[in-house]
Each structure stands twice: as C-alpha cells, then as structure tokens.
Amino acid sequence: MSDDLFLGFDLSTQQIKVIAINSKLEPVLQAYVEFDVDTPEYKTHKGVYTNTELNEVFAPVAMWIKAFDILLGKMQAAGLNFAKVRGISGAGQQHGSVFWSAQAERLLASLNPDMPLEPQLSPKAFSHDMSPNWQDHSTAEECDYLEQKVGGAEILAQITGSKTHHRFTGPQIMRVRHRHPSRYQDTARISLVSSFFASLLLGAIAPLDVSDVCGMNLWDIPNEKFDEEIIQLVAGGAEDEKNDLLHKLGKVEPDGGKILGLINDYYIKRYGFSKDCAITPITGDNPATILALPLRPLDVIVSLGTSTTLLVSTPVYKTSPSYHMFSHPTSKGLYMGMLCYCNGSLAREKVRDEINAVKPSSDASDVWASFNEAALSLPPLGATAEGQKKLGIYFPLPEIVPDCKAGTWRFISDGIALREARNEWNVPLADARAILESQNLSMRLRAGPLLSSTGQPRRVYVVGGGSRNPAICQVTGEVLGPTEGVYRLELSNACALGSAYKALWAVQRKVIREGAYESFEDFLSERWDEKTMINNVDEGYRRGVWEKYGAALAAFDEAEKFAANS
C-alpha cells in the first residue's frame, strides 16, 4: 500500500539515526540521537572510551540500548505512525562485537512493555559490557599470530576477503579471550553490532548478516562458511574450543532479503507497531551505504564520515592485502570492494582547526571557510614554478591502510627524489589542500584493480558529512577523475537510507520463479529518480590534472612507506 512505511536505522559510532520512507522511496521522517549529548551519563567522547596506553577504543553496549529507546520516543513525538511500518532493516558500525550472557535469550523474549529497554537488559544480558570499536588498535599480537599461522596476508585475504586488521572481529574475540577469560567463558552467544540490533527488534538472538560477517577474518567467502582452521586458532586451538566458538557465533543468513521474523511484542505494546512488521537482516554500515544508490559498473561511493571509505560493487572476487572484499549484502554473485581509513573527518577537522587558529573565518557561521579558501587557492600538489610538489601524510590516529602509527609527515618531490620538507611548507595553510589530496591519492593508489584498466571511475558518489563541503568535492573530482563527474546523495545518511531501501525490497520483492526473487538492483532502479536523489557537485575529470596526480602516485607510495616505517 502507498501509505506503508519502512524504517532504516544506523547504529554508528557517534549517533543512532533513522530514516522512514514510503513505497515510492520518499523520505517521511529523519531523526537521530547523539550519544555524547543525549546520553551524557555514559561520559563518552565522540561515542567511545579510549585507553591510549593499550590502544583500546570501545563503547558501552548499555548506552546504545538506552539511545534506541530515546530515538523511538523522538519518532513517536514527531508523529510517526508506527502502525504503518511494514518492514525494518538497519546498519551497524562494522566489526564491533557484543557478548551475550546465558540469560540473554530469556531476557530478550520476556521484555516488559511498561519499562524502558536498557534496565531490563543491562547488565544481566551481557557477559562483557563493552564493545570494541573499529578505531581500536590493541590486537597487534593477535593479528600477527593469525596471519603467521594461516600462511600470510595474501592467503588470509584469499579466504576471508581481507588480511588481518586490528579492528576485525576475529582478532578482537581472541583478545577478549586472552584478557578476560572468565567473561569469554560466560559468553553464550556473540553478535556483531548489526545482528545485536536485529536481536533487540526480534526479541531473540538474530543470525549474522552475510555481508557483515566478512568483516571478522573468520568467514570463508568463496565457500560461504566459517573457516574452521581460523576459528580453532581464535578459540584456543582445541577441537572442543573450536566447536564452542562456532556455537557462540551461530548461523549466518545467506539471503539479505529474508524475513527473520516479526517485531517483538514489546514494540507493539509500547509504541504501537503493527504485529505484521517484518524484521530483515541488519547489515554493516558500509554494505548498507552501497545500497543507497543503483550503482553501475565503474561507479564508486566515497563516504566522507568519521572514517573515509571507498566502496565499489563488482562481480569479480579479486583479493589483495591492500583492500577488502565482502559478499554483497543483497545480491549473490556480487561482491563489495572496500577501502577504509580511520583518519577521515577527524583528520580534516584537525587541520581546519589549526588554520582557524591562525586565520579565523570571516564568516562565523562557516567554520570551513578559511580551510576551503586555503585548499582552493593552491594548484594541484601545491606545485611551484620550479616543479616542486608537496605531499603530506596526516594520521592523528594510528591508520589502517597503510598500517602506520599516528603522526604527520610532509614531503617535497621534484619528480625524481622525495625528501622531508624543511622551510618550503606554509604550515598550516598548505595542509588544507595536501590533506585532501593525500586521502584521495591513497584511495586512487589502491582502488585501481577494482576499476578499469586505467583505474578511472565512471562516477564518484559522495556521501556523509564531508560531501557538503565544495572544496572536498572538488579535490576528490580532480584526483580520482571520474569521467562523468562527482555526485552527492541529497539525503544526509546513506547507511540509514540504504537500510530502508533494503527493508522495502525485502517486503515487496517479486517472486521470479520458485526460490528466486527480483534483484535489489532491478527493484531499486524501477523506483529511482536521479533528478531528485542526487546532485552533480563537481565536473570530475580535468584533462591534464588527473594525469598530474597519476604521475605523483609513485612518490606518494614512497611517502606512505616512509611514514609506515618511521
């Protein structure tokens, strides 16, 4: 029916957000809860706790539950008619894990609609009250051990789609087992953040999502099953320990459009949801983002949020330690290629603040004005008449790709040799363009194998907070050089939007033949209106400019390696 509604949630690092859409893909409501602001009693900073001594970054699970209750209340206050909601999906920050106690299943199944969620579940439903965050860098020993035992980064990437990474769930589970053995022993089930959220809605432990499970370093993507050798290594080495961990992880749902069940009675009685509201698999934030657009071959999405992420949909399973491959969240036979960087908006904001300290913006309402002016006042690579080019590396946090400690490095390249900069660099003004170029050069350096033989995309779609910044969009277009330009998705939260589309597709997809359904891509394309959904924000390819950046890739690669080995 035309007045049916579909919800897409996004449980991200700093907020939980929701978009409600109708059957025509039209947004009906958007709302969010910001953890630091709306749940101040947890005293998080940007949604997490940080232990710098141990390189740990983690978040309290109870905070997410309380924030979900607050968000539902905000939606109710805004007048959303929950009785019209026919389907729900969502996105969770990737790699994070939730450790359920033996009491969890009973507590989830017996929620009292007269009480909020959080006091009914926390702490009794959890054996470990914290969830490791994707910014965590505490698992170096575990990563080294797994990679060495499996046979190296290349082999692990062939099996699981990625080499080991500090944030991936397998190494994180291994560290919890090492540091908190009693908590691990008391764990009955382990969810990803995505399946944890689905469990709240179902009132039962939900299966893992077929795409999000690929961010664990545990799932054999080509053979569509957990790799038992790796599971045994993570679990402790014994056969019974392997079986115990397999039980804790549970099943993986292969169909992204599967109706897992109907919404739990708690939400029907407390908020007025329909008893027919379907819950579909909730996936990771990056897989959900790729669902926000009907991607065509050679299209890429660049997500400019807390992290910077490049996503591409491809039918080819081609692995490398330099990037990630995931199963597609809705379409069997497709894969999602991904590059992910810790140092996204926080790195850009650090340079912005340094510039504002020496050159305050003339427009108090635009904190980016001085940064943008500095970035666009310089030629590509800050090149001088003598041919010297500036290259910078900006990692206020330890970085994932390349694996590098925190730091800032500035270089001068003359096309032949690379050296660290001395007095040639106008700090911090020259950093504005250099940080944008640096982030895009790193993506271009690594994304080439996922694109055409030239490494040049057809279109770049930008999403996330940074997509509103014209300087960021322009430099992205100049460096990546998409032949048809740079486009911005006009709705602000691509994760939640892609999740809402996924819920709509799961409920309304047509049966093509027995056991086969209408594809997500066909379903979305039939309803997609490009004129209202996206906006062209940069021309993209500029003859001669894209080639200049191409000529600088070797020097940039050398600069990254220098930083990584420092």
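**Strands, helices and cores of a predicted model**

Glu 56 touches Tyr 49, Thr 50, Asn 51, Asp 136, Ser 138, Arg 175 and Arg 179, with residues up to four places away in sequence left out; contact here means heavy atoms within 4.5 Å. The model is a predicted one, in which local features need pLDDT of at least 70 and side-chain atom pairs count only at pLDDT 80 or more, while totals for chains, interfaces and linings use all residues. Residues are numbered from 1 along each chain as its sequence is written, and side-chain values use heavy atoms, with hydrogens and water left out.

Glu 56 belongs to strand β5 (residues 56-60); helices (H or I, at least four residues) and strands (E, at least two) are DSSP runs, numbered from the N terminus. Glu 56 counts as buried because its relative accessibility is 12%, where buried means under 20% relative accessible area, exposed over 50% and partly exposed in between (1.4 Å probe, protein chains only). The side chains of Glu 56 and Arg 175 are joined by a polar contact of 2.6 Å. Such a contact is a pair of N or O atoms within 3.5 Å; within protein, one must be able to donate a hydrogen and the other to accept it, and residues adjacent in sequence count only if both atoms are side-chain atoms.

Helix α7 (residues 169-179) is where Pro 171 is found. Pro 171 counts as buried because its relative accessible area is 0%. Leaving out residues up to four places away in sequence, Pro 171 touches Thr 139, Glu 142, Cys 143, Leu 146, His 165, Met 216 and Asn 217. Between the C-alpha atoms of Pro 171 and Pro 60, which are 111 residues apart along the chain, the separation is 19 Å.

Strand β2 (residues 15-22) comes next. Eight of its eight residues are buried. In a regular strand the side chains alternate between the two faces of the sheet. In β2, Gln 15, Lys 17, Ile 19 and Ile 21 point one way, Ile 16, Val 18, Ala 20 and Asn 22 point the other way, and all are buried. Strand β1 (residues 5-11) runs antiparallel to β2 and is joined to it by seven bridges; two strands pair if DSSP finds at least two bridges between them. Leu 7 has Ala 20 of β2 as its bridge partner, and three residues lie between β1 and β2 in their hairpin. Seven bridges also join β2 to strand β3 (residues 27-34), again antiparallel, with Val 18 opposite Ala 31 of β3. The hairpin of β2 and β3 has four residues between the strands, and in it Leu 25 takes a positive phi near 75°.

What of the cores? A nonpolar core is a set of buried Ala, Val, Leu, Ile, Met, Phe, Trp, Tyr and Cys residues joined through side-chain atoms within 4.5 Å. The largest has 121 residues, and Ile 21, Ile 173, Phe 226, Leu 245, Leu 249, Leu 489 and Tyr 501 have the most contacts inside it. Another core, of 54 residues, lies apart from it and includes Phe 35, Leu 71, Leu 121 and Phe 273.

Helix α19 (residues 520-527) has Phe 520, Phe 523 and Leu 524 as its buried residues. These are on the same side of α19 because they cover an arc of only 90° around the axis, taken from the directions from the helix axis to the C-beta atoms. Their cover includes α18 (494-508).
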